[in-house]
Amino acid sequence: MESPVTFDRLYEGAKRFARLAMEAHAEEDQEVFLLHAGVSVERLAKAALVRVHPTLLTEVNGKDDMLLHFAGAVSKPPARLRTIGASTAIDRLRKMDVLPKKPKSEAADLDGLIELRNGVAHLGADDMEDYLGVFTATVDKLLQHVRRDRGAFWESWSDTVQVILDDRADRLQKAIRLRMDQARHRFRTRFADLPHGAVEGAAQAVSERGLIVVEVGPGKALFQTLSQCPACDREAAALFLAVGVGSPLFDMELTAEGLLCGLCGFHLSSTNEVEAAGLPTVVRYSVEDLTRIVAEGPDPAERLATLKLALPTVRTHAHDSF
């Protein structure tokens, strides 16, 4: 009788849990990510061991039921299938030089991922380190060892994984590209089954046109304006712009400090991130631009009042133009 513990079943299980882990990470659910990532690594590690010989999954604890089963010495599998745990599977692969040995940081991170997976399952966890990098790197090593294609394993997540594994990009660029890929995934998931025109309708619902005052502080004013999202390519993102209080209104220069898309949730939280995403970091408005924005707004009087509140120190001729 064929064993239910086979390479193909372990590999397909690892593949399914890997995609679930990536989806959880995209939704910023770290606990679920750790659970699924740990299961994926465990199953792929066991698949690598089975590829060498099934007996490598046998626990060394004095019981020989699984050893006899994997060796084909008995006709029926045990009523309860018990194989080694993730840590033991990883240790055996380290002895085989498939995975990095301790005390390298990558090895320590992998141990941490498995330990946290076990801890989350029983105790819960808070403020966890992001283990996405070690997860994808470990899976990549195991895929190379069992000679399976990365694209076939990750499928729709292949581009995202390539970003994570790319050593050529600096940390900021990698973070932005990863965030962008995750936002695109959320966008596809949210709108895949909706009727034609639903995306455009949703974009209009979350979009606010014009130059809107968000807040006024002691040293600067923060505005938002509508922008095309670099992730989902829809004009549904709020680009946040800052300017010092007292700046001349007839030629106002604002610095982009962040972005938030109402459709896919893509966000940028600094000027450096805005630049890394390929967006302009400086936006200039002439007095003619501001006049047109106020005139086109839903409540010109209110827009004019808030603009004057945000920028109280203006040149006389700029003020008169309003």
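## Strand pairing around β2

In this predicted model, a hairpin of 3 residues leads from strand β1 into strand β2. Strand β1 covers residues 211-216 and pairs with β2 in the antiparallel sense over 5 bridges, with Leu 211 standing opposite Thr 225 of β2.

Strand β2 is also joined to strand β3 (residues 237-244), by 8 bridges and again in an antiparallel arrangement; here Phe 223 faces Leu 241 of β3 as its opposite residue. Of the 8 residues that make up β2 (residues 220-227), 7 are buried, and the strand is therefore largely enclosed by the rest of the structure.

Once its neighbours within four places in sequence are set aside, Phe 135 is in contact with Ala 18, Ala 21, Met 22, Phe 33, Ala 37, Ser 40, Val 41, Leu 113 and Trp 154.

A search of the whole structure finds 0 disulfides. For Cys 232 the closest cysteine sulfur is that of Cys 261, at 3.7 Å, which is too far for a bond, because a disulfide requires the two sulfur atoms to be within 2.5 Å. Both residues of this pair are buried: Cys 232 has a relative accessibility of 5%, and Cys 261 has a relative accessible area of 3%.

## Salt bridges

The structure holds 12 salt bridges. One of them joins Asp 166 to Arg 177, with 3.7 Å between the closest N and O atoms; Asp 166 sits in the loop between α8 and α9 (171-191), whereas Arg 177 belongs to helix α9, and the two are 11 residues apart. Asp 166 counts as buried at 9% relative accessibility, while Arg 177 is partly exposed, with a relative accessible area of 33%.

A salt bridge also forms between Lys 220 and Glu 257, whose closest N and O atoms are 2.8 Å apart, and this pair links strand β2 with strand β4 (residues 251-261) across 37 residues of sequence. Lys 220 is partly exposed, with a relative accessible area of 37%, and Glu 257 likewise counts as partly exposed, at 28% relative accessibility. Strand β4 also contains Glu 253, which is 31 residues apart in sequence from Arg 284 of strand β6 (residues 282-286), so that the pair ties these parts together; their side chains meet in a salt bridge with an N to O distance of 2.7 Å. Of these two residues, Arg 284 is exposed, with a relative accessible area of 54%, whereas Glu 253 counts as partly exposed at 41% relative accessibility. Elsewhere, salt bridges that share partners join Lys 15, Arg 19 and Glu 155 into one network.

Terms used. Residues numbered from 1 in each chain as written. Predicted model: local features only at pLDDT ≥ 70, side-chain atom pairs only at ≥ 80, totals over all residues. Heavy atoms only, no water. Buried < 20%, exposed > 50% of the residue type's maximum accessible area, 1.4 Å probe, protein only. Helix = DSSP H or I, 4+ residues; strand = E, 2+ residues; numbered from the N terminus. Pairing = 2+ DSSP bridges. Contact = heavy atoms within 4.5 Å. Salt bridge = Lys/Arg side-chain N within 4 Å of Asp/Glu carboxyl O.
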